[in-house]
Structures are given as structure tokens and as C-alpha cells.
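Open the model in your viewer and keep the selection tool ready. The stops below go from the whole chain down to single residues.

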Amino acid sequence: MNTTILEKAAVYVRDFFSANSSEGLYFHNLEHTEEIVRNAEELCNAINISDNEQEIVLVSAWFHDIGYLKKYEDHENSSIQIAEDFLIKNSYPADKIEKVKKCILATKLPQSASNLLEEILCDADLAGLGKKDFLEKTIHLKRE
């Protein structure tokens, strides 16, 4: 697994959230993104996928909702563009970029996962709604 790209993605996404207004994003914020990354990592470890596959899922998790900072509707396409620009600048392999883009697009509601990596990201994205702070999260989601 390329931990360097994951570290760079984490820094980039955190900086992007800091530099762009997240006013009105009570649910789809940096805290949500970090939780989805943790959820995705937990799921990857539980099913023991390859390091290469885990890297794709975790990169996708970092970028999956960043598009909300650009526009609310159809944010997935904005997320994909931001992720692709970042990954190209960091010489990420084209085949992996395509898999990241497909993972992000699979989270669009209704979710449409077509392979294991996409399923993991979709499950990680919704897993938080089944945790102890479910009520608080749904209030934030409704407010948003």
C-alpha cells in the first residue's frame, strides 16, 4: 500500500476543508469524511483485501464528499474532479484513478456499487448512521 498517497490525500482534504467554506454542511463535513475513512479502513481490515485495493478504497473515502464544498447537488462529480486533479498531480496510476472515480460515483444515492471496492465505500459511508450517535447525525443531516 502506498501510504504516501494516503498521507498526502489526508493533508490535501483537510487543507481543502480549511480553505473552503463549509457553512451549512452540518453533516457532510471534515468530521464525516474522517469517520468514513476510519469505517472504510475497518471494513477493509475485516475482510482482508489486498493493500492495493485498500489504498483505492481509502483514497476514495478521503475524496468522496469533498465536492460538497463546491456544490451540493451532484457533488459526486465535483468530488471526482477534485480527486482526479489531485491524483494526476501526484502521479497516481491511471487505472487506479478510474477505480477511485467509480468508487466515489457509487456513493451517489441510490447507491450503485458494482464491485467489492465500491461496496466497501458505500457501506463505510452509511455505517455511521447505525452507530450510537445516530440520532445526532440524522439531526445534522436533516438540518443540512
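What follows is a tour, stop by stop.

**Before you start**

This is a predicted model: local features need pLDDT of at least 70, side-chain atom pairs count only at pLDDT 80 or more, and totals for chains, interfaces and linings use all residues. Residues are numbered from 1 along each chain as its sequence is written, and side-chain values use heavy atoms, with hydrogens and water left out.

**Stop 1: the whole chain**

Show the cartoon. The protein chain has 7 helices and 0 strands. Read from the N terminus, the order is α-α-α-α-α-α-α. Helices (H or I, at least four residues) and strands (E, at least two) are DSSP runs, numbered from the N terminus.

Now colour by accessibility. Of the 144 residues in the protein chain, 45% are buried. Buried means under 20% relative accessible area, exposed over 50%, and partly exposed in between (1.4 Å probe, protein chains only).

Turn to contacts, meaning heavy atoms within 4.5 Å. Among those between residues at least 6 apart in sequence, 66% join residues at least 24 apart.

**Stop 2: the core**

Select Val-59, Phe-63, Ile-66, Leu-87 and Tyr-92. These have the most contacts inside the largest nonpolar core, which has 37 residues. Helices H1 (3–19), H2 (30–47), H3 (51–63), H4 (75–89), H5 (94–106) and H6 (116–127) each give two or more residues to this core. A nonpolar core is a set of buried Ala, Val, Leu, Ile, Met, Phe, Trp, Tyr and Cys residues joined through side-chain atoms within 4.5 Å.

Stay on Ile-66. Which residues is Ile-66 in contact with, leaving aside its neighbours within four places in sequence? Val-13, Phe-16, Phe-17, Ser-79 and Ile-82.

**Stop 3**

Two packed helices are described by the angle between their axes and the distance between the axes. Axes here are lines fitted to C-alpha atoms, for helices over the stretch in contact, and angles run from 0 to 180 degrees between N-to-C directions.

Select H3 and H5. They pack at about 50 degrees, with axes 9 Å apart. That makes H3 oblique to H5. Angles under 35 degrees count as roughly parallel, over 145 as roughly antiparallel, 65 to 115 as roughly perpendicular, and the rest as oblique.

The crossing of H3 and H5 is right-handed. A crossing is right-handed if the near helix is turned clockwise from the far one by less than a right angle, and left-handed if anticlockwise.

Show side chains. From H3, Asn-52, Glu-55, Ile-56, Val-59, Ser-60 and Phe-63 meet Lys-96, Lys-99, Val-100, Cys-103 and Ile-104 of H5. The residues of this contact divide into 6 nonpolar, 2 polar and 3 charged. Ala, Val, Leu, Ile, Met, Phe, Trp, Tyr, Cys and Pro count as nonpolar, Asp, Glu, Lys and Arg as charged, and the others, Gly among them, as polar.

**Stop 4: H5 against H6**

Lys-102, Cys-103, Ile-104 and Ala-106 in H5 meet Leu-117, Glu-118, Leu-121 and Cys-122 in H6. By class, this contact has 6 nonpolar, no polar and 2 charged residues.

**Stop 5: two single residues**

Centre on Leu-121, in helix H6. Buried or exposed? Leu-121 is buried, with a relative accessible area of 0%. Beyond residues up to four places away in sequence, Leu-121 touches Ile-36, Val-57, Ser-60, Ala-61, His-64, Cys-103, Ile-104 and Thr-107. The C-alpha atoms of Leu-121 and Val-57 are separated by 6.3 Å, though the two are 64 residues apart along the chain.

Jump to Glu-31, in helix H2. Glu-31 counts as exposed, at 61% relative accessibility.

**Stop 6: backbone in the loops**

Most residues other than glycine have a negative phi, and most peptide bonds are trans.

- Asp-74: phi is near 55 degrees, a positive value. Asp-74 lies in the loop between H3 and H4 and is partly exposed, at 30% relative accessible area.
- Ser-91: phi is near 55 degrees, a positive value. Ser-91 lies in the loop between H4 and H5 and is exposed, at 66%.
- Pro-110: a cis peptide bond joins Leu-109 and Pro-110, with omega about -5 degrees. Pro-110 lies in the loop between H5 and H6.
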